[in-house]
Amino acid sequence: MDSKRRVIKDGSVLIEDDMIAQVGKSTDVKPQNRAEFEIDAKGKVVLPGLVDTHVHLAQALIRGCADDTSLIDWLQKFVWPLQGNFDAQDGKASAELCMLEMIKSGTTIFLESLLHSRYGFDGIAESVERSGMRGVLSKTVMSLPGYGSEKSIMHPGMIEDGETCLREVENHFKRWNGKADGRIRVWYGARSLGGCTPGLYTQIADGSKRLGTGVTMHLSEVEEDVRYARKEYGKMPAEFMDQVGLVGSNVVFAHGVWLTENEWGILSRKGANVAHCPSSNMKLASGTARVPEMMGAGVNISLGCDGGPSNNCYDMIREMKAAALLQKVRTMNPLTMSAETVLEMATINGARSLSLQQQIGSIEAGKKADLVMISFRKPHLTPVINPVSHIVYAAEGSDVETTIIDGKIIMENRVVKSLDEEQIVHNANDRAAKLLKRAGIEIAPRWVAE
Ligand SMILES: [Zn+2]
(Lines give C-alpha, C1' and ligand atoms only; values in the text may rest on other atoms or scores of the structure.)
Protein backbone atom coordinates (compact mmCIF):
# COMPACT_ATOMS: atom_id res chain seq x y z
CA MET A 1 0.00 0.00 0.00
CA ASP A 2 1.62 3.18 -1.23
CA SER A 3 0.55 5.96 -3.57
CA LYS A 4 1.43 3.79 -6.60
CA ARG A 5 -0.08 0.60 -5.13
CA ARG A 6 3.14 -1.34 -5.71
CA VAL A 7 3.33 -5.04 -4.81
CA ILE A 8 7.07 -5.36 -4.15
CA LYS A 9 8.59 -8.83 -4.36
CA ASP A 10 11.79 -9.46 -2.35
CA GLY A 11 11.27 -6.16 -0.60
CA SER A 12 12.65 -4.53 2.53
CA VAL A 13 11.44 -1.86 4.91
CA LEU A 14 13.96 0.20 6.87
CA ILE A 15 12.64 1.61 10.14
CA GLU A 16 14.43 4.39 12.01
CA ASP A 17 13.01 5.05 15.46
CA ASP A 18 9.24 5.41 14.97
CA MET A 19 9.37 6.14 11.22
CA ILE A 20 9.65 4.28 7.95
CA ALA A 21 12.93 5.50 6.43
CA GLN A 22 13.06 3.45 3.21
CA VAL A 23 10.96 0.91 1.36
CA GLY A 24 11.71 -0.93 -1.88
CA LYS A 25 13.55 -3.92 -3.35
CA SER A 26 15.91 -5.49 -0.79
CA THR A 27 18.84 -4.73 -3.06
CA ASP A 28 17.93 -1.01 -3.01
CA VAL A 29 17.15 -0.50 0.68
CA LYS A 30 20.40 0.41 2.36
CA PRO A 31 20.78 1.74 5.89
CA GLN A 32 23.54 4.33 6.33
CA ASN A 33 25.02 2.29 9.15
CA ARG A 34 24.47 -1.40 9.80
CA ALA A 35 20.92 -2.01 10.99
CA GLU A 36 20.63 -2.57 14.72
CA PHE A 37 18.61 -5.71 14.04
CA GLU A 38 16.72 -7.38 11.23
CA ILE A 39 13.48 -9.32 11.05
CA ASP A 40 13.56 -12.03 8.43
CA ALA A 41 10.33 -11.74 6.44
CA LYS A 42 11.02 -14.50 3.94
CA GLY A 43 7.73 -16.08 2.85
CA LYS A 44 5.82 -13.31 4.56
CA VAL A 45 3.83 -10.30 3.44
CA VAL A 46 4.27 -6.89 5.05
CA LEU A 47 1.28 -4.58 5.00
CA PRO A 48 0.33 -1.39 6.82
CA GLY A 49 -1.24 -1.78 10.26
CA LEU A 50 -5.01 -2.12 9.91
CA VAL A 51 -7.24 0.77 10.96
CA ASP A 52 -10.48 -0.13 12.75
CA THR A 53 -12.71 2.96 12.65
CA HIS A 54 -15.61 1.69 14.73
CA VAL A 55 -14.89 -0.14 17.99
CA HIS A 56 -16.61 -0.51 21.36
CA LEU A 57 -13.85 -1.44 23.81
CA ALA A 58 -16.35 -2.12 26.58
CA GLN A 59 -18.21 -4.72 24.54
CA ALA A 60 -15.39 -7.28 24.44
CA LEU A 61 -16.41 -8.30 27.96
CA ILE A 62 -20.00 -8.98 26.82
CA ARG A 63 -19.07 -10.92 23.70
CA GLY A 64 -21.76 -13.43 22.83
CA CYS A 65 -24.19 -11.94 25.36
CA ALA A 66 -26.78 -10.61 22.88
CA ASP A 67 -27.05 -12.94 19.93
CA ASP A 68 -29.91 -13.34 17.48
CA THR A 69 -31.89 -10.20 18.29
CA SER A 70 -32.54 -6.83 16.59
CA LEU A 71 -30.86 -3.52 17.48
CA ILE A 72 -33.38 -1.88 19.85
CA ASP A 73 -34.01 -5.10 21.85
CA TRP A 74 -30.31 -5.83 21.67
CA LEU A 75 -29.62 -2.48 23.34
CA GLN A 76 -32.53 -2.39 25.80
CA LYS A 77 -32.57 -5.99 27.04
CA PHE A 78 -28.91 -6.95 26.95
CA VAL A 79 -26.22 -4.42 26.04
CA TRP A 80 -27.35 -1.41 28.10
CA PRO A 81 -28.21 -3.35 31.29
CA LEU A 82 -24.83 -5.09 31.10
CA GLN A 83 -22.82 -1.96 30.34
CA GLY A 84 -24.91 -0.04 32.87
CA ASN A 85 -23.47 -2.35 35.52
CA PHE A 86 -19.84 -1.81 34.51
CA ASP A 87 -17.31 -0.36 36.91
CA ALA A 88 -13.88 1.01 36.04
CA GLN A 89 -12.26 -2.40 36.62
CA ASP A 90 -14.63 -3.96 34.08
CA GLY A 91 -13.88 -1.10 31.66
CA LYS A 92 -10.16 -1.72 31.91
CA ALA A 93 -10.50 -5.51 31.69
CA SER A 94 -12.66 -5.22 28.58
CA ALA A 95 -10.40 -2.66 26.88
CA GLU A 96 -7.34 -4.83 27.48
CA LEU A 97 -9.08 -7.94 26.15
CA CYS A 98 -10.19 -5.99 23.09
CA MET A 99 -6.74 -4.52 22.40
CA LEU A 100 -5.12 -7.92 22.82
CA GLU A 101 -7.44 -9.29 20.15
CA MET A 102 -6.80 -6.32 17.84
CA ILE A 103 -3.01 -6.54 18.14
CA LYS A 104 -3.20 -10.29 17.47
CA SER A 105 -5.19 -9.71 14.27
CA GLY A 106 -3.14 -6.86 12.85
CA THR A 107 -5.04 -3.76 13.95
CA THR A 108 -2.66 -1.00 15.02
CA ILE A 109 -5.10 1.88 15.58
CA PHE A 110 -8.77 2.04 16.49
CA LEU A 111 -11.55 4.58 16.92
CA GLU A 112 -13.49 3.89 20.11
CA SER A 113 -16.97 5.22 19.63
CA LEU A 114 -18.72 5.66 22.99
CA LEU A 115 -16.93 5.60 26.34
CA HIS A 116 -19.32 6.04 29.26
CA SER A 117 -17.77 7.65 32.35
CA ARG A 118 -18.47 4.53 34.39
CA TYR A 119 -15.98 2.52 32.26
CA GLY A 120 -13.19 4.68 33.73
CA PHE A 121 -11.61 6.82 31.02
CA ASP A 122 -8.24 7.25 32.77
CA GLY A 123 -7.82 3.51 33.36
CA ILE A 124 -8.59 2.76 29.72
CA ALA A 125 -6.25 5.47 28.46
CA GLU A 126 -3.49 4.08 30.70
CA SER A 127 -4.10 0.63 29.17
CA VAL A 128 -3.86 2.06 25.64
CA GLU A 129 -0.57 3.72 26.61
CA ARG A 130 0.80 0.44 27.99
CA SER A 131 -0.48 -1.68 25.08
CA GLY A 132 1.60 0.25 22.54
CA MET A 133 -1.45 0.71 20.29
CA ARG A 134 -2.73 3.94 18.83
CA GLY A 135 -6.19 4.72 20.15
CA VAL A 136 -8.72 7.42 19.41
CA LEU A 137 -10.94 7.50 22.49
CA SER A 138 -14.35 9.13 22.17
CA LYS A 139 -16.15 10.06 25.37
CA THR A 140 -19.94 9.61 25.15
CA VAL A 141 -21.97 12.82 24.95
CA MET A 142 -25.72 12.44 25.49
CA SER A 143 -28.70 14.04 27.21
CA LEU A 144 -31.76 11.91 26.36
CA PRO A 145 -32.20 8.28 27.53
CA GLY A 146 -33.60 6.86 24.30
CA TYR A 147 -32.98 5.58 20.81
CA GLY A 148 -34.96 7.31 18.06
CA SER A 149 -38.64 7.46 19.03
CA GLU A 150 -38.13 4.83 21.73
CA LYS A 151 -37.92 7.27 24.62
CA SER A 152 -36.62 6.43 28.10
CA ILE A 153 -35.56 2.90 27.23
CA MET A 154 -32.00 3.30 28.44
CA HIS A 155 -30.80 1.46 31.53
CA PRO A 156 -30.36 3.99 34.41
CA GLY A 157 -26.68 3.04 34.67
CA MET A 158 -26.09 4.30 31.13
CA ILE A 159 -27.70 7.73 31.45
CA GLU A 160 -25.42 10.76 31.46
CA ASP A 161 -26.01 14.48 31.61
CA GLY A 162 -25.13 16.67 28.60
CA GLU A 163 -23.22 19.45 30.36
CA THR A 164 -21.22 16.96 32.44
CA CYS A 165 -20.35 14.98 29.30
CA LEU A 166 -19.09 18.10 27.50
CA ARG A 167 -16.97 19.10 30.50
CA GLU A 168 -15.51 15.61 30.75
CA VAL A 169 -14.52 15.54 27.06
CA GLU A 170 -12.57 18.76 27.60
CA ASN A 171 -10.90 17.40 30.74
CA HIS A 172 -9.94 14.12 29.07
CA PHE A 173 -8.71 16.07 26.04
CA LYS A 174 -6.44 18.23 28.20
CA ARG A 175 -5.07 15.24 30.08
CA TRP A 176 -4.71 12.67 27.29
CA ASN A 177 -4.81 14.11 23.78
CA GLY A 178 -1.37 13.67 22.18
CA LYS A 179 -0.07 11.58 25.10
CA ALA A 180 1.89 8.31 24.75
CA ASP A 181 4.13 9.81 22.04
CA GLY A 182 1.05 11.06 20.23
CA ARG A 183 -0.59 7.61 20.12
CA ILE A 184 -3.67 8.69 22.10
CA ARG A 185 -6.32 11.10 20.78
CA VAL A 186 -9.53 12.23 22.45
CA TRP A 187 -12.72 12.81 20.44
CA TYR A 188 -16.39 13.50 21.07
CA GLY A 189 -18.66 10.43 20.91
CA ALA A 190 -22.12 11.79 20.14
CA ARG A 191 -25.03 9.47 20.89
CA SER A 192 -27.26 8.53 17.98
CA LEU A 193 -30.51 10.33 17.11
CA GLY A 194 -32.87 10.32 20.07
CA GLY A 195 -29.90 10.45 22.48
CA CYS A 196 -29.07 14.17 22.18
CA THR A 197 -31.09 17.39 21.79
CA PRO A 198 -30.34 19.46 18.65
CA GLY A 199 -28.73 22.06 20.94
CA LEU A 200 -26.35 19.47 22.35
CA TYR A 201 -25.25 18.41 18.84
CA THR A 202 -24.45 22.07 18.10
CA GLN A 203 -22.45 22.30 21.33
CA ILE A 204 -20.49 19.20 20.28
CA ALA A 205 -19.79 20.76 16.86
CA ASP A 206 -18.62 24.00 18.51
CA GLY A 207 -16.49 22.13 21.06
CA SER A 208 -14.79 20.01 18.39
CA LYS A 209 -13.88 23.15 16.42
CA ARG A 210 -12.52 24.88 19.51
CA LEU A 211 -10.37 21.88 20.51
CA GLY A 212 -9.50 20.99 16.91
CA THR A 213 -10.59 17.41 17.40
CA GLY A 214 -12.95 14.83 15.90
CA VAL A 215 -16.48 13.56 16.45
CA THR A 216 -17.91 10.11 15.87
CA MET A 217 -21.54 9.02 15.93
CA HIS A 218 -23.77 6.12 14.83
CA LEU A 219 -25.88 7.43 11.93
CA SER A 220 -28.61 5.77 9.89
CA GLU A 221 -27.67 2.38 11.26
CA VAL A 222 -31.31 1.21 11.27
CA GLU A 223 -34.45 2.48 9.56
CA GLU A 224 -35.64 3.95 12.85
CA ASP A 225 -32.97 6.69 12.47
CA VAL A 226 -34.66 7.82 9.26
CA ARG A 227 -38.21 7.63 10.70
CA TYR A 228 -37.15 9.65 13.74
CA ALA A 229 -35.28 12.39 11.82
CA ARG A 230 -38.18 12.85 9.40
CA LYS A 231 -40.77 12.97 12.17
CA GLU A 232 -38.84 15.21 14.59
CA TYR A 233 -36.90 17.44 12.22
CA GLY A 234 -38.57 16.98 8.82
CA LYS A 235 -35.18 16.00 7.41
CA MET A 236 -33.11 12.96 6.58
CA PRO A 237 -30.52 12.10 9.29
CA ALA A 238 -27.44 13.50 7.48
CA GLU A 239 -29.36 16.64 6.44
CA PHE A 240 -30.16 17.20 10.09
CA MET A 241 -26.56 16.60 11.17
CA ASP A 242 -25.46 19.14 8.56
CA GLN A 243 -27.95 21.67 9.94
CA VAL A 244 -26.49 21.33 13.46
CA GLY A 245 -22.96 21.71 12.09
CA LEU A 246 -21.83 18.13 12.55
CA VAL A 247 -20.79 17.17 9.02
CA GLY A 248 -17.09 17.71 8.29
CA SER A 249 -13.79 15.98 7.57
CA ASN A 250 -13.28 15.55 11.33
CA VAL A 251 -16.44 13.44 11.59
CA VAL A 252 -16.80 9.65 11.31
CA PHE A 253 -20.35 8.35 11.00
CA ALA A 254 -20.66 4.67 11.87
CA HIS A 255 -22.80 2.44 9.62
CA GLY A 256 -24.63 4.82 7.23
CA VAL A 257 -26.79 1.91 6.09
CA TRP A 258 -29.91 3.98 5.30
CA LEU A 259 -28.23 7.10 3.86
CA THR A 260 -29.71 8.34 0.58
CA GLU A 261 -28.10 9.78 -2.53
CA ASN A 262 -28.70 13.36 -1.44
CA GLU A 263 -27.05 12.60 1.91
CA TRP A 264 -24.02 11.03 0.18
CA GLY A 265 -23.66 14.37 -1.64
CA ILE A 266 -23.63 16.29 1.64
CA LEU A 267 -21.05 13.97 3.21
CA SER A 268 -18.90 14.05 0.09
CA ARG A 269 -18.94 17.85 -0.24
CA LYS A 270 -18.05 18.31 3.44
CA GLY A 271 -15.44 15.51 3.46
CA ALA A 272 -17.20 13.48 6.18
CA ASN A 273 -16.38 9.79 6.59
CA VAL A 274 -18.41 6.61 6.98
CA ALA A 275 -17.23 3.57 8.96
CA HIS A 276 -18.81 0.58 7.27
CA CYS A 277 -19.45 -2.36 9.63
CA PRO A 278 -20.64 -5.26 7.45
CA SER A 279 -20.61 -8.07 10.03
CA SER A 280 -22.55 -6.03 12.57
CA ASN A 281 -25.09 -4.92 9.94
CA MET A 282 -25.59 -8.51 8.85
CA LYS A 283 -25.82 -9.98 12.36
CA LEU A 284 -28.28 -7.35 13.62
CA ALA A 285 -30.07 -7.42 10.24
CA SER A 286 -29.82 -3.62 10.12
CA GLY A 287 -29.66 -3.51 6.32
CA THR A 288 -26.96 -3.30 3.66
CA ALA A 289 -24.98 -0.09 3.21
CA ARG A 290 -24.61 0.86 -0.46
CA VAL A 291 -20.85 1.12 -0.20
CA PRO A 292 -19.71 1.21 -3.86
CA GLU A 293 -22.39 3.79 -4.69
CA MET A 294 -21.39 5.96 -1.72
CA MET A 295 -17.74 5.71 -2.75
CA GLY A 296 -18.77 6.63 -6.29
CA ALA A 297 -20.41 9.75 -4.87
CA GLY A 298 -17.06 10.67 -3.30
CA VAL A 299 -17.59 9.61 0.32
CA ASN A 300 -14.53 8.25 2.12
CA ILE A 301 -15.43 4.84 3.54
CA SER A 302 -13.39 2.90 6.05
CA LEU A 303 -14.11 -0.31 7.98
CA GLY A 304 -15.17 -1.13 11.52
CA CYS A 305 -15.63 -4.32 13.53
CA ASP A 306 -18.11 -2.69 15.96
CA GLY A 307 -18.45 -4.82 19.11
CA GLY A 308 -18.45 -8.10 21.02
CA PRO A 309 -22.22 -8.67 20.89
CA SER A 310 -22.70 -7.40 17.31
CA ASN A 311 -19.84 -8.94 15.31
CA ASN A 312 -18.70 -10.85 17.66
CA CYS A 313 -14.99 -10.36 17.10
CA TYR A 314 -12.52 -7.56 16.47
CA ASP A 315 -10.73 -9.10 13.49
CA MET A 316 -10.28 -6.67 10.60
CA ILE A 317 -9.05 -9.38 8.26
CA ARG A 318 -12.29 -11.32 8.57
CA GLU A 319 -14.16 -7.98 8.30
CA MET A 320 -12.51 -7.27 4.94
CA LYS A 321 -13.86 -10.52 3.51
CA ALA A 322 -17.34 -9.76 4.86
CA ALA A 323 -17.21 -6.28 3.26
CA ALA A 324 -16.37 -7.65 -0.17
CA LEU A 325 -18.83 -10.54 -0.14
CA LEU A 326 -21.78 -8.53 1.19
CA GLN A 327 -21.65 -6.05 -1.69
CA LYS A 328 -21.27 -8.79 -4.28
CA VAL A 329 -24.40 -10.62 -3.15
CA ARG A 330 -26.39 -7.38 -2.68
CA THR A 331 -25.71 -6.20 -6.21
CA MET A 332 -25.53 -9.71 -7.73
CA ASN A 333 -22.39 -8.39 -9.36
CA PRO A 334 -19.00 -9.92 -8.44
CA LEU A 335 -17.16 -6.92 -9.91
CA THR A 336 -18.79 -4.41 -7.58
CA MET A 337 -16.12 -4.46 -4.89
CA SER A 338 -12.59 -5.80 -5.40
CA ALA A 339 -10.13 -7.10 -2.83
CA GLU A 340 -7.92 -4.09 -3.61
CA THR A 341 -10.70 -1.61 -2.77
CA VAL A 342 -11.42 -3.42 0.49
CA LEU A 343 -7.74 -3.37 1.52
CA GLU A 344 -7.73 0.38 0.87
CA MET A 345 -10.77 0.75 3.13
CA ALA A 346 -8.97 -1.12 5.93
CA THR A 347 -5.79 0.96 5.65
CA ILE A 348 -5.47 4.31 3.87
CA ASN A 349 -9.21 5.14 3.92
CA GLY A 350 -9.20 4.42 7.64
CA ALA A 351 -6.25 6.75 8.11
CA ARG A 352 -8.16 9.46 6.22
CA SER A 353 -11.25 8.91 8.41
CA LEU A 354 -9.11 9.72 11.43
CA SER A 355 -7.43 12.70 9.63
CA LEU A 356 -4.13 10.78 9.93
CA GLN A 357 -3.53 10.03 6.23
CA GLN A 358 -0.23 11.95 6.34
CA GLN A 359 1.05 9.81 9.22
CA ILE A 360 -0.27 6.26 8.78
CA GLY A 361 -2.24 3.94 6.45
CA SER A 362 0.48 3.06 3.94
CA ILE A 363 4.10 1.86 3.80
CA GLU A 364 5.98 4.93 2.60
CA ALA A 365 9.13 6.73 3.71
CA GLY A 366 8.22 9.49 6.16
CA LYS A 367 5.22 7.68 7.61
CA LYS A 368 4.94 6.14 11.07
CA ALA A 369 6.24 2.58 11.28
CA ASP A 370 2.92 0.76 11.86
CA LEU A 371 3.35 -2.58 10.11
CA VAL A 372 1.89 -6.05 10.14
CA MET A 373 3.52 -9.28 8.93
CA ILE A 374 1.57 -12.28 7.72
CA SER A 375 3.20 -15.62 7.00
CA PHE A 376 2.02 -17.08 3.69
CA ARG A 377 3.70 -20.45 4.28
CA LYS A 378 0.41 -22.12 5.07
CA PRO A 379 -1.92 -24.38 3.09
CA HIS A 380 -4.78 -21.85 3.01
CA LEU A 381 -2.46 -19.11 1.71
CA THR A 382 -0.85 -21.22 -1.05
CA PRO A 383 -0.10 -20.74 -3.95
CA VAL A 384 1.02 -17.12 -3.71
CA ILE A 385 -0.07 -15.45 -6.90
CA ASN A 386 -1.94 -12.34 -5.81
CA PRO A 387 -1.17 -11.51 -2.14
CA VAL A 388 -3.94 -8.90 -1.97
CA SER A 389 -6.48 -11.58 -2.82
CA HIS A 390 -5.14 -13.86 -0.04
CA ILE A 391 -5.19 -11.09 2.57
CA VAL A 392 -8.85 -10.27 1.87
CA TYR A 393 -10.36 -13.60 0.86
CA ALA A 394 -8.25 -16.37 2.43
CA ALA A 395 -6.44 -15.05 5.50
CA GLU A 396 -7.78 -14.56 9.03
CA GLY A 397 -6.57 -12.48 11.95
CA SER A 398 -4.62 -15.34 13.50
CA ASP A 399 -2.35 -15.44 10.42
CA VAL A 400 -0.74 -12.20 11.61
CA GLU A 401 2.65 -13.08 13.10
CA THR A 402 4.20 -9.73 13.90
CA THR A 403 2.67 -6.35 14.72
CA ILE A 404 4.82 -3.22 14.81
CA ILE A 405 3.41 0.08 16.08
CA ASP A 406 5.28 3.38 16.22
CA GLY A 407 8.47 1.49 15.36
CA LYS A 408 8.13 -0.90 18.32
CA ILE A 409 7.57 -4.64 18.00
CA ILE A 410 4.33 -5.12 19.94
CA MET A 411 3.78 -8.74 18.88
CA GLU A 412 6.42 -11.16 17.64
CA ASN A 413 5.63 -14.71 16.49
CA ARG A 414 2.13 -14.24 17.96
CA VAL A 415 3.42 -13.36 21.43
CA VAL A 416 2.19 -9.93 22.57
CA LYS A 417 4.97 -8.23 24.47
CA SER A 418 3.11 -5.26 25.90
CA LEU A 419 0.17 -7.04 27.56
CA ASP A 420 -0.09 -10.20 29.69
CA GLU A 421 -2.35 -12.41 27.60
CA GLU A 422 -2.93 -15.16 30.16
CA GLN A 423 -3.80 -12.76 32.94
CA ILE A 424 -6.10 -10.64 30.74
CA VAL A 425 -8.08 -13.65 29.49
CA HIS A 426 -8.44 -15.09 33.00
CA ASN A 427 -9.51 -11.72 34.41
CA ALA A 428 -12.04 -11.15 31.63
CA ASN A 429 -13.73 -14.53 32.19
CA ASP A 430 -13.94 -13.82 35.91
CA ARG A 431 -15.30 -10.26 35.50
CA ALA A 432 -17.82 -11.23 32.82
CA ALA A 433 -19.37 -13.91 35.07
CA LYS A 434 -19.68 -11.43 37.95
CA LEU A 435 -21.09 -8.73 35.65
CA LEU A 436 -23.88 -11.01 34.37
CA LYS A 437 -24.81 -11.90 37.94
CA ARG A 438 -24.86 -8.22 39.00
CA ALA A 439 -27.02 -7.27 36.01
CA GLY A 440 -29.38 -10.19 36.69
CA ILE A 441 -29.04 -11.44 33.14
CA GLU A 442 -28.81 -15.13 32.49
CA ILE A 443 -27.12 -16.23 29.30
CA ALA A 444 -26.74 -19.95 28.96
CA PRO A 445 -26.15 -22.28 26.05
CA ARG A 446 -29.50 -22.79 24.33
CA TRP A 447 -28.60 -26.43 23.80
CA VAL A 448 -28.82 -28.89 26.66
CA ALA A 449 -26.31 -27.76 29.27
CA GLU A 450 -24.65 -30.62 31.10
ZN1 LIG B 1 -21.39 0.70 17.27
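Across which strands does helix H3 lie? In the predicted model shown here, local features need pLDDT of at least 70 and side-chain atom pairs count only at pLDDT 80 or more, while totals for chains, interfaces and linings use all residues. Residues are numbered from 1 along each chain as its sequence is written, and side-chain values use heavy atoms, with hydrogens and water left out.

**View 1. Helix H3 against the sheet.** Helix H3 (residues 121-131) lies across strands E5 (107-115), E6 and E7, and runs at about 170 degrees to E6. Helices (H or I, at least four residues) and strands (E, at least two) are DSSP runs, numbered from the N terminus; angles run from 0 to 180 degrees between N-to-C directions, with axes fitted as lines to C-alpha atoms, for helices over the stretch in contact, where contact means heavy atoms within 4.5 Å.

**View 2. The open sheet.** Eight strands, in the order E4-E5-E6-E7-E8-E9-E10-E11, form an open sheet with parallel pairing, two strands being paired if DSSP finds at least two bridges between them. E4 and strand E11 (300-303) stand at the edges with a single partner strand each, so one side of each is left without a neighbour in the sheet.

**View 3. The zinc ion.** His54 (NE2), His56 (NE2), His218 (NE2) and Asp306 (OD) are the protein donors of the zinc ion, at 2.1 to 2.4 Å from it; donors are N, O and S atoms within 2.8 Å of the metal (3.2 Å for Na, K and Ca), and water is not among the atoms, so sites may look incomplete. Histidine 56 lies in the loop between strand E4 (50-55) and helix H1 (71-83), and histidine 218 in strand E8 (residues 215-219), so the pair ties together parts that are 162 residues apart in sequence.
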